[in-house]
Amino acid sequence: MKETYHSLKDFELSYGTNAIERANDFQQYINQLNDFGCKSYWITSHTGIGATMTIEGFDEPVSAFISNDYLGMSQREETKQAGIEAIKKYGTGACAAQVIGGYLDIHQQLEHEIASFVGQEDAILFSSGFGANAGILRALLGKNDIALIDPYIHTSAMAGLKGTNVKRIGHNDLEYMEKALKESKDQYQTKLVIIDGVYSQDGDLSLLPEIISLCKAHGAMLMLDDAHGIGVMGTNGRGTAEHYNCLGQVDIITGTFSKSFGCVGGFAAASKKVIQYLKYYADSNVFSAAPTPQVTASILKALEIIKKEPGIRARLWENTNYLRNRLTEEGFDIGKSVSPIFPILIRDNKKVYEIAKMLQEKGIFTIGIVYPAVRTKEARLRVSVLATHERHQLDALIHALNEINKEINFKI
């Protein structure tokens with residue numbers, strides 16, 4: 001009898017039972033994870049999240065490739081101290097939405113500085129990156145509008161599109177995008193193209209210059225989610241727009257402070273008039289408490305360091321290029337990655353968990369990405385490289401993958 005393999009897709013709202021029954025049946029998926037013998041999700045860490053971590057089930061630290069703290073800002077003494085000083089001055093929280101009094105002077109300072117950094121006129125802050133994307137899209141798009149989206153945009157953007165029309169475009173498919181823009185001419189009040197700068201699963205880039213040209217030619221706005229690009233891409237780390245020499249040519253740039261800034265929160269940057277509108281209509285800002293003083297001050301310090309110390313980003317790219325060359329030379333399939341995000345393609349859901357388990361046993365912590373996050377034939381290990389990784393950690397990852405490949409063949 002064929003073994004039944006469960007995925008998260010099996011127990012979604014479409015499952016056909018009530019919430020209690022669905023939650024009970026979901027135990028089948030948890031049991032399956034337990035049978036793999038490797039805890040893959042909701043792993044407790046006893047240290048900060050970075051290049052080295054101490055996680056449950058291990059007495060010794062492991063080399064970790066799961067963090068998006070690309071520049072190591074979460075562990076910098078300067079960012080920690082800035083947060084401590086902010087707590088002393090302002091307390092532990094703003095305890096009100098920004099619109100009704102929770103708007104600190106350092107919130108305003110961060111708005112101005114992040115807007116300038118990404119080449120926009122103004123910005124609005126959110127308590128999460130998810131809230132930034134979802135909130136601004138709910139405010140800007142309704143039943144008479146349309147979003148034309150790359151299929152690999154983040155779930156947070158999809159959450160903001162439930163009340164509007166949506167047209168999916170093939171990934172970086174310029175021909176199909178142009179066709180869709182032409183077909184939507186004069187049918188909608190607002191046409192908004194939504195793309196990522198750096199795509200979080202494949203590590204490839206959007207075709208930003210060409211997409212900008214198409215949007216201008218067909219009267220569409222463009223939103224760029226640059227969560228994984230800001231701090232990483234471009235000569236000065238100003239993001240994917242700087243990488244392509246397109247600063248100031250995108251209508252809306254969104255991002256998160258949980259990656260290169262080593263904190264939490266999100267923002268949207270656009271024209272002054274658009275930001276002014278969002279400050280009254282973006283529900284995830286208007287009806288949410290303001291970012292904490294500590295987070296805001298630590299982000300400001302991280303931004304200052306990013307501007308003043310380009311050597312940190314240079315170290316990130318040294319590590320990135322080294323690992324890319326080694327993985328390619330050794331015959332591992334990393335797709336089209338050109339960023340510090342590496343998909344090591346396994347193409348089999350069960351093998352992904354087996355390999356992740358074997359890596360953990362060798363003191364290396366990676367995460368398996370399987371269906372429905374990606375298609376089954378695209379199941380992979382997701383590896384994030386940081387500036388704080390040491391060369392020996394990268395070599396250890398390569399060595400471990402080669403050893404595992406002798407038992408479970410997964411190379412190209």
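Modeller: Helix axes here are lines fitted to C-alpha atoms over the stretch in contact, and angles run from 0 to 180 degrees between N-to-C directions. Helices (H or I, at least four residues) and strands (E, at least two) are DSSP runs, numbered from the N terminus. The model is predicted, so local features need pLDDT of at least 70 and side-chain atom pairs count only at pLDDT 80 or more, while totals for chains, interfaces and linings use all residues. Residues are numbered from 1 along each chain as its sequence is written, and side-chain values use heavy atoms, with hydrogens and water left out.

Helix H3 (residues 77–90) packs against H12 at an angle of about 145°, and the two axes are 7 Å apart. The crossing is right-handed, a term for the near helix being turned clockwise from the far one by less than a right angle. Contact means heavy atoms within 4.5 Å. On the H3 side the residues involved are Glu78, Thr79, Ala82, Gly83, Ala86, Ile87 and Tyr90. They meet Pro293, Gln294, Ala297, Ser298, Lys301, Ala302 and Ile305 in H12. Sorted by class, this contact has 8 nonpolar, 4 polar and 2 charged residues. Ala, Val, Leu, Ile, Met, Phe, Trp, Tyr, Cys and Pro count as nonpolar, Asp, Glu, Lys and Arg as charged, and the others, Gly among them, as polar.

Now the core. A nonpolar core is a set of buried Ala, Val, Leu, Ile, Met, Phe, Trp, Tyr and Cys residues joined through side-chain atoms within 4.5 Å. Buried means under 20% relative accessible area, with a 1.4 Å probe and protein chains only. The largest such core has 57 residues, and Val193, Leu208, Leu222 and Phe261 touch the most other members. Helix H12 (residues 293–308) gives the most to this core, with 7 residues. Apart from this core lies another, of 33 residues, including Phe65 and Ile346.

Two strands pair if DSSP finds at least two bridges between them. Strand E3 (residues 122–126) pairs with E9 in the antiparallel sense over 5 bridges, and Phe126 stands opposite Gly266. Strand E8 (residues 252–256) is also antiparallel to E9, over 4 bridges, with Gly255 opposite Phe267.

Key
Buried < 20%, exposed > 50% of the residue type's maximum accessible area, 1.4 Å probe, protein only.
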